[in-house]
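Please examine the structure shown below alongside its sequence.

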Amino acid sequence: MHQPSRHDFHKSLTRKAPGALLRVHSDQTEAEVVQRVQTLLDKIESRTATVGIVGLGYVGLPFAVEKAKVGFKVVGIEQNADRAARVNSGENYIPDVKDHEFKELVSRGFIKAVTDYTSVPEMDVIVICVPTPLTKNLNPDLQFVEHVTKELAKHLRPGQLISLESTTYPGTTHEVMQPILEASGLKVDIDFYLAHSPERVDPGNARYTTKNTNKVVGGVGPNSHKVAVAFYKQTIDHVVPVSSADAAEMVKVFENTFRAVNIALVNELCLLCDRMGMNVWEVLDAAFTKPFGIMPFYPGPGVGGHCIPLDPHYLEWKAREYNFNTRFIALAGEINRSMPRFVREKTHRVLNMLGVAPSRSKILILGVSYKRDLGDWRESPALDVIKLLKEDGADLVYHDPFVPSFDEHGLVMENTPLTDEMLRQVDLVIVTADHTNVDYARVVRLAAHVLDTRNATKKITDHRDKITLL
Ligand SMILES: NC(=O)c1ccc[n+]([C@@H]2O[C@H](COP(=O)([O-])OP(=O)(O)OC[C@H]3O[C@@H](n4cnc5c(N)ncnc54)[C@H](O)[C@@H]3O)[C@@H](O)[C@H]2O)c1
C-alpha cells in the first residue's frame with residue numbers, strides 16, 4: 001500500500017487549496033499533521049479542550065460564560081488585576097452576564113482568571129478579545145493585539161488554535177499576528193491554527209446574545225478553518241464560515257460602516273429638516289412604515305461606543321494602502337462628528353428663546369452613556385456636548401441612572417439625583433441618552449424647557465411647547 005510521504009502531502013495541499021497558506025514543517029509527515037488537527041477536533045467536540053480568553057471585558061466575559069456553560073474549562077487572561085480578582089470571587093461586572101449564572105460557573109471551577117501568560121501551554125484554544133482603539137490621528141492602534149500576540153508567541157505549543165475576535169482591518173490576523181506567532185518557530189496551519197471570528201455582541205440587547213447571534217469565522221488556511229468552525233459551533237447557534245480571516249475581518253468592518261453611514265444619512269436629514277423647519281422624527285417614523293426596502297436608523301447627538309465611531313476608520317486606513325479613498329466613511333465620520341456641535345448650536349437657540357445667556361445658564365444633561373439603558377460612556381457624544389457647553393461657560397450637571405461618575409481625560413463628573421428641586425432649578429434639560437427608566441413626563445412637567453436629542457419625549461402629550469426636538 002502506498003504510504004503518504006511529506007512530498008505527497010505537500011502536493012495534495014497545493015492541489016486542494018491553491019494559494020492557501022499551508023506549509024509542511026520540515027520533519028513532519030502528513031499523518032502527524034492530520035492527527036494533530038484531529039486531536040484538537042476531538043478535544044473541542046468532547047468539550048475537554050481548555051479555552052483561554054484574553055481580555056475579559058464586554059466581549060470576553062459573556063463569551064467565557066457561553067463556553068463554560070456547555071462544559072469547557074475557561075481560563076481568562078486579564079491584565080487588569082482588579083477585574084481578574086472580581087472574576088475569581090464570582091463577582092460579575094458586565095451587564096449582559098447574569099450574576100447568579102456567573103457566580104455558579106466560577107464556584108464550580110469552570111471559569112477562573114489569571115493576570116499573566118504562564119498558563120498558555122495548558123490552553124487548547126485561545127480567543128483574543130482586547131481593545132482595538134484609534135490613535136489621535138484616527139489610525140488603527142493595534143498595540144493591544146500585538147502585545148498579546150507577542151506574549152502568546154512566547155508560550156505557543158503545537159496543536160493550539162488562536163482566534164482573534166477584536167474588530168480590525170482586513171489583513172491583521174495573517175499580516176500582523178501570523179509573523180509574530182511564527183517567529184516562535186511553529187508554522188501556521190501545520191503546528192498551530194489561526195483564525196478570525198469577529199464579535200458582533202450588541203450590549204444591552206436582550207433578544208440577540210452571544211449564543212443566538214450568527215458568528216462569522218475565517219481561518220488562515222484549511223486546517224485553521226476546520227478547527228475554528230468546529231470550536232464556534234459548540235456554543236453558537238449558527239456559524240457562518242467564510243473563505244479567509246481577511247474576509248471575516250472585512251465582514252465586521254463593513255457591518256459597522258453600514259451603521260455609521262446610515263446614521264450619518266439620517267443625521268444629515270436632521271440638519272436639513274432643522275433648516276426647513278420640519279420635524280425629522282415625524283418624517284422618519286412615517287418612512288419606516290414601508291415594509292420593504294428601508295431600515296430604521298435615527299438621528300442623535302452623535303455616535304459613541306467602542307465600535308461605530310472607530311471601526312470604519314480601520315477600513316479607511318487599510319484602503320489607503322491600495323490608493324483607495326473610502327468616501328462614504330470619510331463623509332459619515334464628518335457628519336456624525338459634527339452632531340455635538342449642532343446640539344450646542346441648538347442649545348444656544350433654545351437658551352436665546354428663553355432669554356438666558358449660555359454663559360449664565362444652568363443645564364442638566366440627561367443621559368451620558370452612548371446608548372439607551374447601558375452604562376458605557378466610552379466615546380459618548382454626550383461628553384462632547386458637555387465639553388462644548390462648558391467652553392461656553394454653562395453650569396452643567398448630569399443625571400444618568402447607569403453612570404455613577406465618569407473621568408474622561410480629566411473631565412470628571414458625578415451623577416446628580418433627578419430631584420424635583422434639580423429639575424425646577426435648571427434653565428434647560430438636554431436629553432442625550434433615552435434611558436427607559438426615566439420618567440420623561442415628570443421631567444417635562446417640572447423643567448423650564450427640554451431639548452430632546454433622542455425623541456425620548458415622543459409619547460408625551462402635555463406641555464409639548466416646553467419641548468424642542470433635535
Ligand atoms: N463592546 C462591544 O459592544 C463590542 C462589540 C463587538 C466587537 N467589539 C470589539 O471587541 C474588542 C474588545 O472590546 P470590549 O468592548 O470587550 O473591550 P473592553 O475594554 O470592555 O475589554 C477589553 C479587556 O481587555 C483587557 N486587556 C487589554 N489588554 C490586555 C492584555 N494585554 N492582556 C490581557 N488583557 C488585556 C482589558 O483590561 C479589558 O478588560 C474590540 O476590538 C471591540 O471593537 C466590541
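In this predicted model, helix H3 passes helix H5 in a left-handed crossing. H3 comprises residues 60-69 and H5 residues 99-107, and the two pack at an angle of about 60° with their axes 11 Å apart. An angle of that size makes H3 oblique to H5. On the H3 side, the contact is made by Val-65, Ala-68 and Lys-69, which meet Glu-101, Phe-102 and Leu-105 of H5. By residue class, this contact of H3 with H5 divides into four nonpolar, no polar and two charged residues.

A second pair of helices shows another arrangement. The axes of helix H2 (residues 30-45) and helix H8 (residues 222-233) come within 9 Å and cross at roughly 10°. H2 is therefore roughly parallel to H8, since angles under 35 degrees count as roughly parallel. H2 contributes Val-37, Leu-40, Leu-41, Ile-44 and Glu-45 to the contact, while H8 contributes Asn-223, Lys-226, Val-227, Ala-230 and Phe-231. Seven of the residues in the contact of H2 with H8 are nonpolar, one is polar and two are charged.

Val-253, Asn-256, Thr-257 and Ala-260 of H9 make the contact with Asp-311, Pro-312, Tyr-314 and Leu-315 of H11. The residues of this contact of H9 with H11 divide into five nonpolar, two polar and one charged.

H9 may also be considered on its own. Helix H9 has 32 residues and reaches 47 Å from its first C-alpha to its last, a span close to the 46 Å expected at 1.5 Å a residue. After H9 comes Gly-277, whose phi is positive, near 70°.

Around the ligand are 27 residues, of which the closest are Gly-55, Gly-57, Tyr-58, Val-59 and Ser-166. Helix H6, formed by residues 143-155, supplies the largest share of this shell, namely three residues.

Conventions: Residues are numbered from 1 along each chain as its sequence is written. This is a predicted model: local features need pLDDT of at least 70, side-chain atom pairs count only at pLDDT 80 or more; totals for chains, interfaces and linings use all residues. Two residues are in contact if their C-beta atoms, placed from the backbone, lie within 7 Å. Helices (H or I, at least four residues) and strands (E, at least two) are DSSP runs, numbered from the N terminus. Ala, Val, Leu, Ile, Met, Phe, Trp, Tyr, Cys and Pro count as nonpolar, Asp, Glu, Lys and Arg as charged, and the others, Gly among them, as polar. The expected span of a helix is 1.5 Å times one less than its number of residues. A residue is near a molecule or strand if its C-beta atom, placed from the backbone, lies within 6 Å of it. Axes are lines fitted to C-alpha atoms, for helices over the stretch in contact, and angles run from 0 to 180 degrees between N-to-C directions. Angles under 35 degrees count as roughly parallel, over 145 as roughly antiparallel, 65 to 115 as roughly perpendicular and the rest as oblique. A crossing is left-handed if the near helix is turned anticlockwise from the far one by less than a right angle, and right-handed if clockwise.
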